[in-house]
Each structure stands twice: as structure tokens, then as C-alpha cells.
Amino acid sequence: MGFWVLGVFFISAVVCIGNAVGIEEKCDFFQGRWVRDETYPLYMAEECPFIEREFNCQKNGRLDDLYLKFRWQPSGCDLQRFDGQDFLEKFSGKSIMFVGDSLSRNQWQSLTCMLHSSVPQAKYNVTRVGDISIFTFMDYDVKVMLHRSVYLVDVVRGKIGRVLKLDSINGGKIWKNVDMLIFNTWHWWNRRGPSQPWDYIQIGNKILKDMDRMVAFEKALTTWANWVDLNIDPTKSMVFFQGVSPSHYNGTSWGEPSAKNCVREKVPLLVSTYPGGLPPALGVQKGVISRMKNAAVQFLDVTNLSLLRTDGHPSMYGFGGPTGMDCSHWCLAGVPDTWNEILYNLIL
């Protein structure tokens, strides 16, 4: 387990290997642009028999495929192409867990597809226990797990109803002793009405019917950060926090004022910075994580590169069809593969 010992650093200062062999340079994997590459995608959806219907855009009738032919190119270096066999060998006998909402499921499915397509003859098994899905590559003794926890903090049932407890993470017990954790939360924080899965918010002994959602988000993230600082041993576990995964429902933010969704988008924005700016929640995430003490925590700053992929969502080719326009999740193969390819480069 000793090879997990990490230094203290933030992602923008990670070290990667440049084109010249043996020459190291500082490189921000998250600054760059999308370039066309005919050797992509890393896999085709039909090579991944367990892919969920909502992410399988081609099977759901999407006819264009140019969106599959783009690769993320950092400005200061090259990403090493994902090698699934190498990944499995590195994690032999170990466990990986994605923790969060349906965007975590999107990324979990992406990684399992990337690994399976790399070693298609390897035996695997998929099981589910409560809120935890477990994909096991039996030949390598590697578990790739998904824990559905949309707020990371607890939602409990009480006499008054469902309570979102901003300062409680009893559910974190199952995160202990996992070798690599990838956390994500934001997608559910602005939900209201029937889709909101809580009735009250609690902070300490104070019960509220509602509050400023960004303030609540920061308090919950701080609770999560304190939990990680106290409970995760940086010499034994790697911890990543995933930045905001963006939605595309307002074309004004990407220079197409007439667009009310992403359905007509066929290619990425071929620039390095999203014209509509970054979401405020990203600043909250970075602020909380910058104050953490745990040396194991790294920030996956995928928001800008994902904002540039207006073409990458299921749109009308997701689970709900034309009446369930989905410009929040991502087609597979697709953008989450890049998140995982960057993740792979960070653990090399």
C-alpha cells in the first residue's frame, strides 16, 4: 500500500511528462482545447454490453458520430493514452469507489467500459447491495464501485419528514479503507418541488424549511472536507473531488441565443475558454478543497473542458427520448472518458 504516499499539491501544479523523453515540466491537464482525432473514441458502445440505456446515444438513434472523434489536448503537454490493462494491473487487489449522483454513475460506467474494452476476455461480475453497485474484474481482483450519495451529507427520515443534515456524514463509514475515492456533488442542490428529496434542512439543532442553496452547498462540502481530513489516511488512499459537470440548456452562454437546449450541437466549441464563464459552484468547491489538510485530496477540474462539449449530451437520445431532453448527462462513449483518461494520467 506504500506506493500511495502523496505530496501536497493542487492539480494546477501537477507534474507530467512532456514530449521530450525524460524532461519533466509542470502541466495543467485541465487547460487546453478539443482536437479532432480519428483514433477516438477509446471504445464503441456496442463493445460495452452493460452500458445503461440513458447513456447509449447511438443505440437510442443518434445518427451523427463526429462528437466521438475528439480528444482533449492540454496546452502544455500530451495526455498518455488510456491503457486499461495497465490500470487494472496497478489496482490489482484494490478498490475504487465513485461517490455522488448520476454524473458519478456516468463516470463509473465510462471507466468500466474503458477497462472492459481493453481486456474484453477478462471475467467480470456486477452486483448491487443497497445504494452500492460493484463491478469486479475477477482476473485482477479489482473492484470498481459506485455509491449513490447525491449530497454526500446525510438525508434522514424523522417525525417531521425527510431532513437534509448539513453537518452529518454517518453514511461515510463505507468510504473508509477504499484505495481510491472519486467524489462528486452539485447536480441536486438546486432541485425544488417534487424532485427535491428532502423536506427540511438541519444545521446543528437548527431546523429550516429552506435556505440559500449555495450557502447550504458550502456548509455540506465543508462537512465532507472535515470528514475526509479526519478519516482518510493519505498514505493509504487517494481522494479526488470532481468539479461541476455542466448542463447546456441556454445557447446564449455559448454564442447561440436561439438554442434552448443541446439537441442540434454536433461538434465541440473549438476554443480554450467557455464564452459563458464558469459556474459559481465551482468557486465554492475550489475554496473548500483549498482549505483542506489532507494531502491525498486532488481536484479534478473538468468543468471548463466539459462546458466546451455542448455536443456531448444525450439530448433526445437518452432515456426519456424527445420528451425528456437531457443536456446534463453525457453520451458514452464520450466526455466522461476524458475525465477518466485524465484520472489515469494523474495516477501514473
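This is a predicted model: local features need pLDDT of at least 70, side-chain atom pairs count only at pLDDT 80 or more; totals for chains, interfaces and linings use all residues.
1. Ground rules. Local features need pLDDT of at least 70 and side-chain atom pairs count only at pLDDT 80 or more, while totals for chains, interfaces and linings use all residues. Residues are numbered from 1 along each chain as its sequence is written, and side-chain values use heavy atoms, with hydrogens and water left out.

2. The helix pair. Helix α3 spans residues 213-231 and helix α4 spans residues 280-290. Helices here are DSSP runs (H or I, at least four residues), as are strands (E, at least two), numbered from the N terminus. The two helices pack at an angle of about 30°, with their axes 10 Å apart. Axes are lines fitted to C-alpha atoms, for helices over the stretch in contact, and angles run from 0 to 180 degrees between N-to-C directions. α3 and α4 are therefore roughly parallel to each other (angles under 35 degrees count as such). The crossing of α3 past α4 is right-handed, that is, the near helix is turned clockwise from the far one by less than a right angle.

3. From α3 come Met214, Phe217, Glu218, Leu221, Thr222, Trp224 and Ala225; from α4 come Pro280, Ala281, Val284, Gln285, Val288 and Ile289. Contact means heavy atoms within 4.5 Å. By class, there are 10 nonpolar, 2 polar and 1 charged residues.

4. Salt bridges overall. The whole structure holds 11 salt bridges. Each is a side-chain nitrogen of Lys or Arg within 4 Å of a carboxyl oxygen of Asp or Glu.

5. Glu38 and Arg36. Their side chains form a salt bridge at 2.8 Å, N to O. Glu38 counts as exposed, at 51% relative accessibility. Arg36 is exposed too, at 51%. The scale: buried is under 20% relative accessible area, exposed over 50%, partly exposed in between (1.4 Å probe, protein chains only).

6. Asp37 and Arg71. This salt bridge is 2.7 Å, N to O. Asp37 sits in the loop between β3 (32-36) and β4 (70-74), and Arg71 in strand β4, 34 residues apart. Asp37 is buried at 15%. Arg71 is partly exposed at 22%.

7. Glu52 and Arg105. Here the N to O distance is 3.1 Å. Glu52 lies in the loop between β3 and β4 and Arg105 in helix α2 (residues 102-118), so the pair ties together parts 53 residues apart in sequence. Glu52 is partly exposed at 25%; Arg105 is buried at 19%. Glu54 joins Glu52 and Arg105 in a network of salt bridges.

Methods. Angles under 35 degrees count as roughly parallel, over 145 as roughly antiparallel, 65 to 115 as roughly perpendicular and the rest as oblique. Ala, Val, Leu, Ile, Met, Phe, Trp, Tyr, Cys and Pro count as nonpolar, Asp, Glu, Lys and Arg as charged, and the others, Gly among them, as polar.
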